[in-house]
Amino acid sequence: MTRIVIIGGGPGGYESALVAAQLGARVTVVEQDGPGGACVLTDCVPSKTLIATSVRKQALLDASMLGVHFTGGPDGEVGGVIADMPLVNSRVKDLAQAQSADIAARLAAEGVEVIRAPGRLVDPQVVRAGDRTIRADVVIVATGATPRILPSAEPDGERILTWRQMYDLEELPEHLIVVGSGVTGAEFAGAYRSLGSEVTLVSSRDRMMPNEDADASEVLEEVYRRRGMNVMGRSRAESVKRTADGVVVTLEDGRTAEGTHCLMTVGMIPNTSGIGLEEAGVTLDRGGFIQVDKVSRTSAPGVYAAGDCTGVLMLASVAAMQGRIAVWHALGEAVQPLRLATVASNIFTDPEIAAVGVTQKAIEAGEIVANVVKLPLATNARAKMQGFNDGFVKLFCRPNTGIILGGVVVAPRASELILAVSVAVQQRLTVDQLAHTFAVYPSLSGSITEAARRLMQPMTPSGI
């Protein structure tokens, strides 16, 4: 029986463990924080729970547009809708623990051993887990990553915080300054603005989320500004200091921004130091990320890696797929290498931003030739009914064959809507095939089939 030891219990770890157990391997997961790892306990699950609460509150605030009004609320609160932060944060943490418990139960049901201890490589086939030494045929490293800390803005857990510390606050920040306008910064900034905080978003670039679709970023920034957020573009933070009753953020150009709290969202660093990787022959890049190939192999024989510690698209879905691929490859199963072009991603802002496949940037740069159509969400009947005015559906296809290359959806629940486009990209469907697929009327998904219809090319007489 093949012995597999997995260091790390996040999506890259527990998903690979489940696959390995189902294929008959003897599996041990070494995870010091608990099943689910940081993704479930402190990062993805808690943040998306908080965001779900903020979206529900924003819907109540926007309900007046549909003729629903709230009365009798406390003075100073819009429509009397307030966020009970002790209760909100308690629910966030309880849900994370419940999800971790569900994962633990599933692992136990499959016969996977879980050791609650730090893990490290002794050599490519030996893992040290707490006070135990385990010999393995295959090792999978899935240790994740940690919020990057700037020496000039060290978190104190009270006023200067990482996102992992936000759920310990006893009250809603009066004025939250978010440093960093990438995905995490944009998500938290929008959530706390909807929950009732005054929010200043400090962005070092000329627009929010500079690595995402430019049209999508523009829509979201417009929504944020309309909701009262102060978005400071081209404003790189130099330092963050505590004051008597808050924080002051000093920018490189000498300007300052003052608030009650500061959230630092300036990237992630991999959890790869001090766990014996380089000593075991595992190659790291300059940023400390584990270098892997498309079937998750590292440079050390028998050692694989998955998830954020590899720096390959820091998404839970990618971590899980890397882990599964590692197991399939290690156990000699049929396996397809990881195809990043088919990875669907989502930004849990309000509205959400989902994307898959090629990008508008690549098309405009001439790297890919594609036809593009963009439909504003405001023309969709269901969107009108629900009062959704912001967003769009964008679809890309090859000019001659009509094969769908990708798309972007900016809408409520875009994370659900993108699946149709993701399936089309994965299966190499054409716009004709998608256009002839029935969509419910009225529905937001109808905009996807409508976009496909607009990309259909009329048949020439010779093609009849």
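Glu 158 has 47% relative accessibility, so Glu 158 counts as partly exposed. The model described here is predicted. Glu 158 forms a salt bridge with Arg 242, and their closest N and O atoms are 2.8 Å apart. Arg 242 lies in strand S13, while Glu 158 lies in the loop between S8 and S9, so the pair ties together parts that are 84 residues apart in sequence.

Which other residue forms a salt bridge with Arg 242? Asp 156 does, with the closest N and O atoms 3.2 Å apart. This pair also links distant parts of the chain. Arg 242 is in strand S13, Asp 156 is in the loop between S8 and S9, and 86 residues separate them. Asp 156 has 32% relative accessibility, so Asp 156 counts as partly exposed.

Pro 155 sits in the loop between strand S8 (145-147) and strand S9 (160-161). Its relative accessibility is 25%, so Pro 155 counts as partly exposed. Pro 155 and Thr 283 are 128 residues apart along the chain. Their C-alpha atoms are separated by 31 Å.

## A salt-bridge network

Side chains of opposite charge can pair when their charged atoms come close. How many salt bridges does the structure hold? The count is 19.

One network of salt bridges links Asp 213, Asp 215, Lys 374 and Lys 394. Within this group, the side chains of Asp 215 and Lys 394 meet at 2.8 Å, N to O. The pair links distant parts of the chain. Asp 215 is in helix H6 (residues 214-226), and Lys 394 is in strand S22 (residues 392-397). They are 179 residues apart.

The two partners differ in cover. Lys 394 has a relative accessible area of 1%, so Lys 394 is buried. Asp 215 has 23% relative accessibility, so Asp 215 counts as partly exposed. The cut-off for buried is under 20% relative accessible area.

## Patches on the surface

Which residues gather in a patch of negative charge on the surface? They are Glu 170, Glu 171, Glu 174, Glu 198, Asp 245 and Glu 258. Asp 245 lies in the loop between strand S13 (237-242) and strand S14 (247-251). Asp 245 counts as exposed because its relative accessibility is 58%.

A nonpolar patch is also found on the surface, formed by Leu 60, Val 68 and Phe 70. Together these residues have about 230 Å² of accessible area. Val 68 is in the loop between helix H3 (44-61) and helix H4 (85-109). With 42% relative accessibility, Val 68 counts as partly exposed.

## Backbone details

Most residues other than glycine have a negative phi, and most peptide bonds are trans. Some places in this model depart from those patterns.

Leu 313 has a phi near 45 degrees, a positive value in a residue other than glycine. Leu 313 is found in the loop between strand S18 (303-305) and helix H7 (316-330). Its relative accessibility is 39%, so Leu 313 counts as partly exposed. Arg 413 is not a glycine either, yet Arg 413 has a positive phi of about 55 degrees. Where is Arg 413 found? Arg 413 is in the loop between strand S23 (404-411) and helix H10 (414-426). With 57% relative accessibility, Arg 413 counts as exposed.

Now the cis peptide bonds. One runs from Asp 350 to Pro 351, with omega near 10 degrees. Pro 351 lies in the loop between strand S19 (344-347) and strand S20 (352-357). A cis peptide bond also joins Tyr 441 and Pro 442, where omega is about -5 degrees. Pro 442 is in the loop between helix H11 (431-435) and helix H12 (446-455).

## An annotated span

An unreviewed UniProt entry gives residues 344-452 the annotation "domain: Pyridine nucleotide-disulphide oxidoreductase dimerisation". In the model, the span is 33% helix and 28% strand. The end C-alpha atoms of residues 344-452 lie 18 Å apart.

Definitions and conventions:
Residues are numbered from 1 along each chain as its sequence is written. This is a predicted model: local features need pLDDT of at least 70, side-chain atom pairs count only at pLDDT 80 or more; totals for chains, interfaces and linings use all residues. Side-chain values use heavy atoms; hydrogens and water are left out. Patches are made of residues with over 30% relative accessible area and no salt bridge: like charges are joined within 9 Å, nonpolar side chains (Val, Leu, Ile, Met, Phe, Trp, Tyr) within 5 Å. Accessible areas come from the Shrake-Rupley method with a 1.4 Å probe; for residues, only the protein chains shown count as cover. A salt bridge is a side-chain nitrogen of Lys or Arg within 4 Å of a carboxyl oxygen of Asp or Glu. Lys and Arg count as positive and Asp and Glu as negative; His and the chain ends are not counted. The place of a charge is taken as NZ of Lys, CZ of Arg, CG of Asp or CD of Glu. Helices (H or I, at least four residues) and strands (E, at least two) are DSSP runs, numbered from the N terminus. Buried means under 20% relative accessible area, exposed over 50%, partly exposed in between (1.4 Å probe, protein chains only). UniProt positions are given in the numbering used here, feature names are shortened, and annotations may be inferred rather than shown by experiment.
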